[in-house]
Each structure stands twice: as C-alpha cells, then as structure tokens.
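Hi,

Here is the structure I promised to pass on.

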Amino acid sequence: MPIIERRHDTSRRDFCRALIGTGAWLSTGRALTLGQSSGTGRIDLHHHFYRDTPSARKLIANSPNPQPMIAGSPKQSLDAMDQAGVTTAYLTCPLSPGDNAAARGDMRRAARELNEYGARLVSDHKGRFGLFAVLPLPNVEDSLHEIEYAFDTLKAAGVGMMTSYGDRWPGDPVFEPVLDELNRRRSLVYSHPLVASCCRNLQPDTDPQTVEYNAETSRAIWSLINDGTPAAPFTSRATRYGHVRFVWSHGGGSLPGLVGRFLGRAGVTDLSAAPPDSRLYHLRRFYYDTASATNPIQMTALKSLVGISQIVFGSDYPYVPIQNLVQALATCGLTSDELDKVERRNALALLQAR
Ligand SMILES: [Zn+2]
C-alpha cells in the first residue's frame, strides 16, 4: 500500500495534547528505561520501522509476501507523531521468510540488525519509541536466542510475530518452545498479519489487506483459543500461554464476524459469562489495536465483544497517516473517557502488566 502523503490540520485539542506530551518527557528529565512511556499523549502500538540491509533486502526479494517495506526516517516518524499527539510509538517490522528454510540465515541476520537499530532509536529518543523485537521465526532455535538478546540486552518491550509462517499458525505445536519461553517471561507478543501460503493470489485483482489480512488474524486467534469439541475437548494453547499478553492488529481482523462460529454452541452464542480459560475468557484478555478498525461498525462490535479495556491505539504508520486514525477514531461513538483509555491508558496498563 503506498504511503499517503496527505497532511492534515492538527486540531486545537490535538495540538495541546502534542505539546503536553512532548513537554512532559522533555521537562521531567527522567531517565526512562527502554520501552517506558511518559507524557500524556497517545501511545501508538502499531508503528512500523525498517532498516534497509543486504539481509533484509534479500529476504524481501525472496518473500512469499512481496509487500514493499516502506522506510520512514526517525524524523519523519517523530514529525508524524507530534502532529497526531503521539508521545510514544512502539516499533514493529513485519518481516518473514514464510516457510522458506533456505532463508534462515538472512532472517537471523535481519532480525538482529533491525532489533539493534530499533533499540538505538529507543535510546536516542528517550520516551518516544519502544521496541517490539523481530523474531527470526519460523526457526525455533534462532528465535530463542533472539528472545534472550532482545529482552535481556536490548530491553525490548515485547516481540513481534507474524500471524503465520507457511501453513502454521501460532497455536501450532512447532512453536511451543518459543511461546513457552515467552510465557515464562510474561511477554507482550504483537501479532501482525500477512497472507498465508494457502491463500496467495486467490483474487489477483484484490489487495491482500482487503480480505486475507483480516481472515489471517482471526485464523491466528482461533489457533490459540481452539479447545476442541464437546465430544473431544483439549486444553487450548491460549490457556497454555496464559501469561502471554497477545496484541492483535487491525481490531482482530474479521473476529467480530466470527463470534457465532467461535463461541456458539448448538446455534446459541452466550456472551454473558466467560469462565476461566474459556474461548471468550481469552478473547477478553487479548488486546486489539485500532488500525484499519476505526469505523463505528467494527469498533462497536469489538467493544461489545471484548470491552473497551482491551482496545489500544495502533496507527499502521507509515502505511496510514497517524492523524487519519485519530480523526476516524473520534467518529466511532466513544465517550471522551473511552477515547482516553483507547488512546493511552489501556496501553499503559498493558505495557506495565506482568
Ligand atoms: Zn501494519
């Protein structure tokens, strides 16, 4: 998707929020640890970054999802953040070799280069950025090494995972060692969609974001909450990884439209109670960002399903101007208190939870 260069006038309210946010982190002079947020502005949990290195370039050239990776400079990010009243943005890079085992070395190198670059941005612009580290999945061994380095050395705020690798979604047993370790660390896992191997070019005249990204996100969610049938139940992966703080992009994709299928039994969908470790329990402990979900239909459905406390601000910058999200979110029928929760307070609770 091309970058939209259109600029928007900043409203008085947003301008004030931007000033307050920026001033707060400048004037306190507090030494913020990596990934911490200060100020009173918005917190953007879906903010892309990229560094053009030979490994990353090779990965993209051979990618099963040859999406253009758009690199904005740190200054462009900061300008966009200031314009939209965002104090802190969490950096994520949706880079994946899919199921191409031959790309293992490139993925390992690219993840390390991106993570070190991201950590440098965090430390060079204190309070403005946090890092969701890139994992060199689907290789488990490399990912375990990178998890240790990202958290223990780079002090990342979380890790990013793609919704799938080849034909494997996060609930697949092959990823158990990685998610067990993330569970042990009570990590934040930010999930970003791509187009799964099964579903590439099904409709060649349609952008993958239109249908597949949304289906892919809900399929990844299902892979975690699936607990079998009444006749053959089993423990869901979401229960096994009960300490992982999952954050899903794009309002959970097509999740709201699948509630009847995911939660219904014998044609009845009961949303009144969510017993511990039930499918609904997990849906209501996961978090969902606002990117591409800032319309009254999806926001109302999502709020009704998971509650306002689970919705966090995510812009999808630089693919979408942050200010567009701010303006669209304001049209979703949320109260000012609910907006404040979505734009900032829910993210603070999520980031500080352990
Ligand atoms: Zn994105």
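Predicted model: local features only at pLDDT ≥ 70, side-chain atom pairs only at ≥ 80, totals over all residues.

Strands β2 (residues 86-92) and β3 (residues 129-134) run parallel and are joined by three bridges.

Now to the metal. Which protein atoms are the donors of the zinc ion? They are NE2 of H46, NE2 of H48, NE2 of H192 and an OD atom of D316, lying 2.1 Å from the ion. Along the chain, these donors follow the spacing H-x1-H-x143-H-x123-D. H48 lies in β1 and H192 in β5, so this pair ties together parts that are 144 residues apart in sequence. The angles that the four donor atoms subtend around the zinc ion run from 85 to 167 degrees, which makes the arrangement irregular. For four donors to count as tetrahedral, all angles would have to lie between 85 and 135 degrees.

Are the two histidines H48 and H192 buried or exposed? H48 is buried, with a relative accessible area of 5%, and H192 also counts as buried, at 7% relative accessibility.

I also looked at A103, in the loop between β2 and α4 (104-124). A103 counts as buried because its relative accessibility is 7%, under the 20% cut-off. Apart from its neighbours within four places in sequence, A103 is in contact with L59 and P97. Between the C-alpha atoms of A103 and N139, which are 36 residues apart along the chain, the separation is 10.0 Å.

Finally, the protein as a whole. It has 13 helices and eight strands, and buried residues make up 56% of its 354 residues. Of the contacts with a separation of 6 or more, 77% are between residues 24 or more positions apart. The accessible surface comes to about 15000 Å², and 53% of it belongs to carbon and sulfur atoms.

Best wishes

How values were computed:
Residues numbered from 1 in each chain as written. Heavy atoms only, no water. Pairing = 2+ DSSP bridges. Helix = DSSP H or I, 4+ residues; strand = E, 2+ residues; numbered from the N terminus. Donors = N, O, S within 2.8 Å, 3.2 Å for Na, K, Ca; no water. Tetrahedral: all angles 85-135°; square planar, octahedral: opposite > 155°, others 65-115°. Buried < 20%, exposed > 50% of the residue type's maximum accessible area, 1.4 Å probe, protein only. Contact = heavy atoms within 4.5 Å. Areas by Shrake-Rupley, 256 points an atom, 1.4 Å probe, with all protein chains shown as cover.
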